[in-house]
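Subject: The two-chain model, with notes

Hello,

Here is the structure I promised to send over. Please have it open while you read, and my notes follow just below.

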Amino acid sequence: MNNTIQEIKKPIVNKSLNTLKANALESEAIYIFREVVAQFERPVLLFSGGKDSITLVRLAQKAFWPAKIPFPLMHIDTGHNFPETIAFRDKLVKELGVELIVRNVQDSIDEGKVIEETGKYASRNMLQTTTLLDAIEEFKFDACIGGARRDEEKARAKERVFSVRDDFGQWDEKNQRPELFDLLNGKIELGQNVRVFPISNWTELDVWSYIEKEAIEIPSIYFAHKRKTFVRDGFIWSAEDEVVFRAEDEVVEERTVRFRTVGDMSCTAAVESYADTIEKVVSEIRDSKISERGARIDDKRSEAAMEKRKQQGYF
Amino acid sequence: MEVLKIATAGSVDDGKSTLIGRLLYDTKSLTDDKLEAIRNSSVKKGYDYLDFSLATDGLVAEREQGITIDVAHIYFSTPRKSYIIADTPGHIEYTRNMVTGASTSQVALILIDARKGVIEQTYRHFFINNLLRVKEVIVVVNKMDLVDYDEAIFEDIKANFEKLNDNSTYKEQQVSYVPVSALKGDNVADRSNEMPWYQGDTILEHLEKIDASANGNKGLVRFPVQTVIRPKTEEYHDFRGFAGKLYGGNLKVGDAVTVLPSLTQSRIKEIYFYDKTFDEATAGSSVTICLEDEVNITRGDMLVKEDELPTIQKELRATVCWMDNKQLLPGSKYFVQHSTNRVLSKISAVKNTIATDYSGSKLSDGKLSLNEIGEVEIKLSKPVFYDSFTENKSNGSFILIDEQTNATAGVGFIN
């Protein structure tokens, strides 16, 4: 019997319904990675330690195997990361043997380039933009690969796979390059850069199913665990980390929770969950009635929040 | 699981966004918080029904003006398939967006307002899906609730559309018709109680039956090399892998291949996907190929089966859809990006412009403006290896990149 890719997939298809789909999406992502390396001189993979960027790393490995991933990883560190994420990041980079660049939002604050937000909803999420743009300029990166997906949010639904940003990192959503067939136009001027989104067409469930199928390791906070928490505005917040502002009248209780995204701790809420294995997480996502960014407070600020942040250069 | 890509095009009032919102709602693809947002917005606007169009209209400007401007991607799934909708506006000034949406789609939904019947815009939608060889077209006769679910009106619209179909140059295209009320949910996912006279499939039933892997290609293998993988590690010291995506047909270990443009012959030695080897790769897979002989290959080269050569030429004749504000003029220079090649080119002539309403083509004034479609002759600084678009979509299409602005200024379908 011929050992074709289609056929070899069959034994791997177990209870997860979406597994075969990842084949088309996986090939598309690998194709995009290879276009990046062919069309740009200084690409970088923006690594947050979250499941989407971890999935990107696996796809990049596949695209260039047996060679190493031919570009560095860069982490824009808000200083408000879950400690589990940082430990995970360092271990992964060591295994891959690739260069890791870390740039800190704290440095941008210390240099007076940005001002720390204060109050109940204070977050460093917005401040990342300045640090990111400075790093792009410092290293002269011409392509920044990120794990954003079009299903995450309405403004992302119109994002291109190759999305051109000007010298100020700005996204001009009305003047985007049409993308036809598989043809990706990465021609840019000096000073411009392109944000690249290889998993644009994946949904949250696609990513989780892929993590399951590929047995990709992810940080422990994605799985159900006991945590000291408090509730505000219907969201569950971690009370274990001092970066999350908590008013005195907000009562701390232990709950069994997990995180669906691992952004800045100060704006990432937990969900009550008993899904402590990847299989349970996949079936929880499949049955879920709340969208992933529903637990990201920064999107809630206004209906057009994401679009505004993107125009300013947010990833 | 299969992924099926759908193109939709429509104007402000034909209820396209409502149809998409309805599809999402009926397939339980709207999450609670999204549904909540739709409820709130609907109440705020004083509607006594759920305004599903709010599920799709993304950008602020669009919400303000109540229209769709660009190409938005919408995702939903059933236990059988995953669907990606490329949603575009339908006005003539958005022809380029419609072409973009149709370029990656296997199915088109063409909306017709039952009260208005076949209008100029219907012609254009069908023309574009003809030109781009979109395999399946579902004609959605919407707002049937506003015409008392009248069978005669549906049949009349169907007959008018059939006349349009007589103009089609793409006879293999499957066209089907569904009477629908997106607002009330008739024949979208669930069968209508109001139209017992219609025994055909609902929209969703149609979509579920379509074979997502059928792409209308002739089956000739085209493997454009994206990049060459040379790890230079101890273990893989002599490894030279050609990385690319396989189009058109399957490729097996042992197959005799010709390398373009050098016309060197060799055989497939190994096919890798990540760290595993395979005896055969199917079309659509991104693989790494090693050859039996040491052949000098770089990005832009192409592997084909030895007796299946494409056309190798320094000239192109193509139907071009123009997408830039700056007109296409004879004598101007553009980069042609065709598969993994980017070649400087000069426009020899714009022969004629083609009306998108089937009224035919007319001799051009030598220029092509934004959203116009025409026959163009192009001279290339070095040869590309191409098929006609009707034989192989991926190897029969290209984009034109403006030398100065780097904009994607046009798309071509090779004759």
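First, a term that I use throughout: two residues are in contact if their C-beta atoms, placed from the backbone, lie within 7 Å. Please keep in mind that this is a predicted model, where local features need pLDDT of at least 70, side-chain atom pairs count only at pLDDT 80 or more, and totals for chains, interfaces and linings use all residues. Residues are numbered from 1 along each chain as its sequence is written, while chains are lettered from A and ligands numbered from 1 in the order in which they are written.

Chain A

Among contacts in chain A between residues at least 6 apart in sequence, those joining residues at least 24 apart make up 76%. The chain has 10 helices and 10 strands; helices (H or I, at least four residues) and strands (E, at least two) are DSSP runs, numbered from the N terminus. Of its 315 residues, 53% are buried. A residue counts as buried if 20 or more other C-beta atoms lie within 10 Å of its own, exposed if 12 or fewer, and partly exposed in between, with C-beta atoms placed from the backbone.

How confident is the predictor in chain A? The mean pLDDT of chain A is 83, and 83% of the residues score at least 70; pLDDT is the predictor's confidence in each residue, from 0 to 100. Confidence in chain A is highest in strand 1 (residues 43-46), at 98, and lowest in helix 1 (residues 5-12), at a mean of 44. Residues 5-22 of chain A have a pLDDT below 50, and this stretch has 37 contacts in the model beyond near neighbours in sequence. Residues 297-304 of chain A also stay under 50, and there the model has 13 contacts beyond four places in sequence.

Helix 3 of chain A (residues 51-64) is one to look at. Its 14 residues reach 20 Å from first C-alpha to last, close to the 20 Å expected at 1.5 Å a residue; the expected span is 1.5 Å times one less than the number of residues. Helix 3 of chain A is mostly covered, with 12 of its 14 residues buried. Phe223(A) counts as partly exposed because it has 17 C-beta neighbours inside 10 Å. Not counting residues up to four places away in sequence, Phe223(A) touches Arg258(A), Ala275(A), Asp276(A) and Val281(A). Arg260(A) is 37 residues from Phe223(A) in sequence, and their C-alpha atoms are 8.8 Å apart.

Chain B

Chain B has seven helices and 22 strands. Its radius of gyration is 24 Å, close to the 22 Å that the globule rule gives for 415 residues, so chain B is as compact as a globular protein of that length. The radius is taken over C-alpha atoms, and the rule is 2.2 Å times the number of residues to the power 0.38. Buried residues are 50% of the 415 in chain B.

Helix 5 of chain B (residues 120-131) is mostly covered, with nine of its 12 residues buried. The buried ones include His125(B), Phe126(B), Phe127(B) and Ile128(B). What covers them includes strand 1 (2-10), helix 4 (95-103) and helix 6 (151-165) of chain B. Just after helix 5 of chain B, Arg133(B) takes a positive phi of about 55 degrees.

Which strands does strand 16 of chain B (residues 311-322) join? It runs antiparallel to strand 20 (residues 373-386), with 10 bridges, and antiparallel to strand 22 (residues 408-414), with five bridges. Two strands pair if DSSP finds at least two bridges between them. Thr319(B) stands opposite Glu375(B) in strand 20 of chain B and opposite Phe413(B) in strand 22 of chain B.

Finally, Asp87(B) is found in strand 3 (residues 81-89) of chain B. Asp87(B) counts as buried because it has 27 C-beta neighbours inside 10 Å.

Best wishes
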